[in-house]
Amino acid sequence: MKKRKNKNKILSRLLSVVGFLLIFLGFGFICFKIYHNYSIKQLENNSIQEFFNIQEDSFDNTNNETENKQEIPSTPKSSYNYIAVLEIPKINLKRGLLSIDDKNNNINKNVAILKKSDMPDVENGLLVLASHSGSANISYFRHLNKLEISDQVYIYYKNIKYIYEVTSNERQDKTGNITISKKEDETNLILTTCDPVNKNKQVIITTKLIDKMPY
């Protein structure tokens, strides 16, 4: 009887130790996940800031190169070289865009520019952007379905801010392709993602260019 009690005590202690270790590991994993997500967000923000800094530098006509080298502090480089920035104030989204041929230009990492898209400076062109919806870190279009007619979307590209206005918010069957109706005399931006409410549908936001200005 005494041996059985001792065994029960040892087993109870082992279970307590295992339970404590599991809690500790779980807490450590959560902390690592939070830190990892924060680091990724900081890199993304740094990439966007670098984009605007590069655009600003292209307008700098100062000839005193020595003075410039002394004034510019060294900053760590981020992981992406954005060629443009997408901003949607309505849903508090600001994301960089990569070149179509960049290996990271895909919806599993970024807001992706779809093949055969035109950049904003192409008159009467069509730019199509896609991203995930949902709750993952890469679900940049999770609130895209909230856009309404007349909401504005901005693209910053080659020192020009292109201002688009939402003209339609529609749903199409999720087949891997989307149908786009485009007027020949409009410059359009299409935003698309899976419908967060109906997984069999695709959200299609159509916008048209209404203005542009230097930034």
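**Tyrosine 154 and its surroundings**

Author: Not counting residues up to four places away in sequence, tyrosine 154 touches Val85, Leu86, Glu87, Pro89, Lys161, Tyr162 and Ile163. Contact here means heavy atoms within 4.5 Å.

Reader: Before we go on, what kind of model is this, and how are the residues numbered?

Author: This is a predicted model, where local features need pLDDT of at least 70, side-chain atom pairs count only at pLDDT 80 or more, and totals for chains, interfaces and linings use all residues. Residues are numbered from 1 along each chain as its sequence is written, and side-chain values use heavy atoms, with hydrogens and water left out.

Reader: OK. Which strand does tyrosine 154 lie in?

Author: Tyrosine 154 lies in strand E5. Strands (E, at least two residues) are DSSP runs, numbered from the N terminus.

Reader: Is tyrosine 154 buried or exposed?

Author: Tyrosine 154 is buried, since its relative accessible area is 14%. The cut-offs are under 20% relative accessible area for buried, over 50% for exposed and partly exposed in between, with a 1.4 Å probe and protein chains only.

Reader: What lies over the face of that ring?

Author: Lysine 161 does, at 4.0 Å from the ring centre of tyrosine 154. A charge sits over a ring if NZ of Lys or CZ of Arg is within 6 Å of the ring centre and within 35 degrees of the ring normal. Arginine 95 also lies over a ring face, that of tyrosine 140, at 4.0 Å from the ring centre.

Reader: And which side chain joins tyrosine 154 in a polar contact?

Author: Glutamine 152, in a side-chain contact of 3.0 Å. A polar contact is a pair of N or O atoms within 3.5 Å; within protein, one must be able to donate a hydrogen and the other to accept it, and residues adjacent in sequence count only if both atoms are side-chain atoms.

Reader: How far is tyrosine 154 from proline 89?

Author: They are 8.5 Å apart in space, C-alpha to C-alpha, and 65 residues apart in sequence.

Reader: Let's zoom out. What order do the strands take in the sheet?

Author: It's an open sheet of eight strands, E2-E1-E5-E6-E8-E7-E4-E3, with mixed pairing. E2 (93–97) and E3 (112–113) are the edge strands, each pairing on one side only. Two strands pair if DSSP finds at least two bridges between them.

Reader: How does E1 pair with E5?

Author: E1 (residues 84–88) and E5 (residues 152–157) are antiparallel, with four bridges. Valine 85 has tyrosine 156 as its bridge partner in E5, and leucine 86 has isoleucine 155.

Reader: And E1 with E2?

Author: Those two run antiparallel as well, joined by five bridges. They form a hairpin with four residues between them, and asparagine 92 in the turn has a positive phi of about 55 degrees.

Reader: Which way do the E1 residues point?

Author: Ala84, Leu86 and Ile88 point one way, Val85 and Glu87 the other, and all are buried.

Reader: Switching topic: how many aromatic pairs are there?

Author: Two. Tyrosine 80 and tyrosine 82 form a tilted one, 5.8 Å centre to centre with 35 degrees between the planes. Tyrosine 156 and tyrosine 215 form an edge-to-face one, at 5.2 Å and 90 degrees. Rings of Phe, Tyr and Trp (its six-membered ring) pair if their centres lie within 6.5 Å; planes under 30 degrees apart count as stacked, over 60 as edge-to-face and the rest as tilted.

Reader: What does the pair of tyrosine 156 and tyrosine 215 tie together?

Author: Tyrosine 156 lies in E5 and tyrosine 215 in the segment after E8 (201–214), so the pair ties together parts that are 59 residues apart in sequence. Tyrosine 156 counts as buried at 8% relative accessibility, while tyrosine 215 counts as partly exposed at 32%.

Reader: Last one: what pairs with E7?

Author: E4 (residues 126–130) runs parallel to E7 with five bridges, and E8 runs antiparallel to E7 with seven. Leucine 129 stands opposite leucine 191 in E7, and isoleucine 190 has threonine 206 in E8 as its bridge partner.

Reader: And threonine 193, buried or exposed?

Author: Buried, with a relative accessible area of 1%. Threonine 193 is found in E7 (residues 188–194), and a polar atom of its side chain lies 2.6 Å from the backbone oxygen of serine 131.
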